[in-house]
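I opened the file and kept notes as I went. The entries follow the order in which I looked things up.

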Amino acid sequence: MNHEREELEQWKRRYTRKSSIFQRVSKQAQTKVNEWIPEKAHKVVTESIKKMVEVTLKGSEWVSLQKIPRSSALQEREVVMKERMEFYRKAATIEGAGTGAGGVFLGLADFPLLLSIKMKFLSECSLIHGYDPKQYEERLFLLYVFQLAFSSDTHKKKVLHIIENWEDEKEKLKELDWKTFQQEYRDYIDLVKMLQLIPGVGAVVGAYANYQLLDQLGEVAKFAYRIRCFNALE
């Protein structure tokens, strides 16, 4: 376990480092754009994404993967997680290439499809680690894992703190801040997904972007559940 703990600490230091100047400038620009958008429009987008996520999570309940016994070693669980991540990463890559090749209209369809793939993967991660994604607090946890993967430097640190102190924090988190959730996610992927709409390069960009996004989610999920595992042992 010492190796896994050291690997976790190295990952946290690396993951919370400052992002590139380009990413920070991009985030600042997107924040300015968000300030110009009327609050009524924000509410419409927030409600739409909230419903989209809730429907996806509800649909994820069909996941038939068998729960792994609690006696299973962390390494065994992480091997299964990696296998499932590779499965979903392949699905996301194919989906990204298909919608990217279709131009603007199919490119726009990529957003809910990719979101669905990510949520199904996280639901399986929950089962792999012996938790029930049908329970409200487990759905809430995986939404914080999602935010840890796709948000700005500042928000990322806040979310990591919540995950590191989940047993205490979950009592305070009766409802997710959906507005922050949708803005952080949208701002994080906006630039690369806009490139996916460009005719001629959309398929390549879509496939590559979705591959990378699932890869990142897989890495973050592994360490988020590792944190939870170590906390349970203390």
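**Entry 1: a contact list**

Which residues does Leu 122 touch, not counting residues up to four places away in sequence? I looked them up: Leu 142, Val 145, Phe 146, Leu 217, Ala 221 and Tyr 225. I note here that I am working on a predicted model.

**Entry 2: the core**

I then turned to the largest nonpolar core, which has 49 residues. Leu 122 is among the members that touch the most other members, along with Met 119, Tyr 144, Ile 163 and Phe 181. I checked which helices supply at least two residues each: α1, α3 (39–59), α4 (74–101), α5 (103–128), α6 (136–149), α7 (153–164), α9 (178–195) and α10 (202–233). Which helix gives the most to this core? It is α10, with ten residues. I jotted down the general background: in soluble globular proteins, nonpolar side chains tend to be buried together.

**Entry 3: the whole chain**

I found ten helices and zero strands. From the N terminus on, the elements run α-α-α-α-α-α-α-α-α-α. Of the 234 residues, 47% count as buried. I took contacts between residues at least 6 apart in sequence; 81% of them join residues at least 24 apart. The chain exposes about 12400 Å², and carbon and sulfur atoms supply 60% of that area.

**Entry 4: helix α1**

I checked the length of α1 (residues 2–15). Its 14 residues should span 20 Å at 1.5 Å a residue, and the end C-alpha atoms are 20 Å apart, which agrees. Which residues of α1 are buried? I listed Glu 4, Leu 8, Trp 11, Lys 12 and Tyr 15. They cover an arc of only 100° around the axis, so they sit on the same side of α1. The face turned away from that buried side carries the exposed residues Asn 2 and His 3.

A lysine on the buried list made me look again. Lys 12 of α1 has a relative accessibility of 14%; the cut-off for buried is under 20%, so Lys 12 counts as buried. Its side chain is joined to that of Glu 164 by a polar contact of 2.6 Å. Leaving out residues up to four places away in sequence, Lys 12 touches Leu 160, Glu 164 and Ile 227.

**Entry 5: helix α6**

I repeated the length check on α6. At 1.5 Å a residue, its 14 residues should span 20 Å, and the end C-alpha atoms are 20 Å apart, in agreement. Eleven of the 14 residues are buried, so α6 is largely enclosed by the rest of the structure. I wrote down the buried set: Glu 138, Leu 140, Phe 141, Leu 142, Leu 143, Tyr 144, Val 145, Phe 146, Gln 147, Leu 148 and Ala 149. Three of these names, Leu 142, Val 145 and Phe 146, were already in my list for Leu 122.

**Entry 6: helix α7**

Next I took α7. It has twelve residues and reaches 17 Å from its first C-alpha to its last, close to the 16 Å expected at 1.5 Å a residue. Its buried residues are Asp 153, His 155, Lys 156, Val 159, Leu 160, Ile 162 and Ile 163.

I picked out Asp 153, which lies in α7. Is Asp 153 buried or exposed? Its relative accessible area is 18%, so I put it down as buried. Asp 153 and Thr 16 are 137 residues apart in sequence, yet 6.8 Å apart in space, C-alpha to C-alpha.

**Entry 7: two glutamates**

I looked up Glu 184 in α9. It is buried, with a relative accessible area of 11%. Where does its side chain reach? I found the backbone nitrogen of Ser 152, at 2.8 Å. Glu 184 and Phe 150 are 34 residues apart in sequence and 6.9 Å apart in space, C-alpha to C-alpha.

My last stop was Glu 169, in α8 (residues 166–169). Glu 169 counts as buried at 12% relative accessibility. Not counting residues up to four places away in sequence, Glu 169 touches His 161 and Ile 162. Ile 162 is one of the buried residues I had listed for α7.

Terms used
Residues are numbered from 1 along each chain as its sequence is written. This is a predicted model: local features need pLDDT of at least 70, side-chain atom pairs count only at pLDDT 80 or more; totals for chains, interfaces and linings use all residues. Side-chain values use heavy atoms; hydrogens and water are left out. Helices (H or I, at least four residues) and strands (E, at least two) are DSSP runs, numbered from the N terminus. The expected span of a helix is 1.5 Å times one less than its number of residues. Buried means under 20% relative accessible area, exposed over 50%, partly exposed in between (1.4 Å probe, protein chains only). The arc is that of the directions from the helix axis to the C-beta atoms. A nonpolar core is a set of buried Ala, Val, Leu, Ile, Met, Phe, Trp, Tyr and Cys residues joined through side-chain atoms within 4.5 Å. Contact means heavy atoms within 4.5 Å. A polar contact is a pair of N or O atoms within 3.5 Å; within protein, one must be able to donate a hydrogen and the other to accept it, and residues adjacent in sequence count only if both atoms are side-chain atoms. Accessible areas come from the Shrake-Rupley method with a 1.4 Å probe; for residues, only the protein chains shown count as cover.
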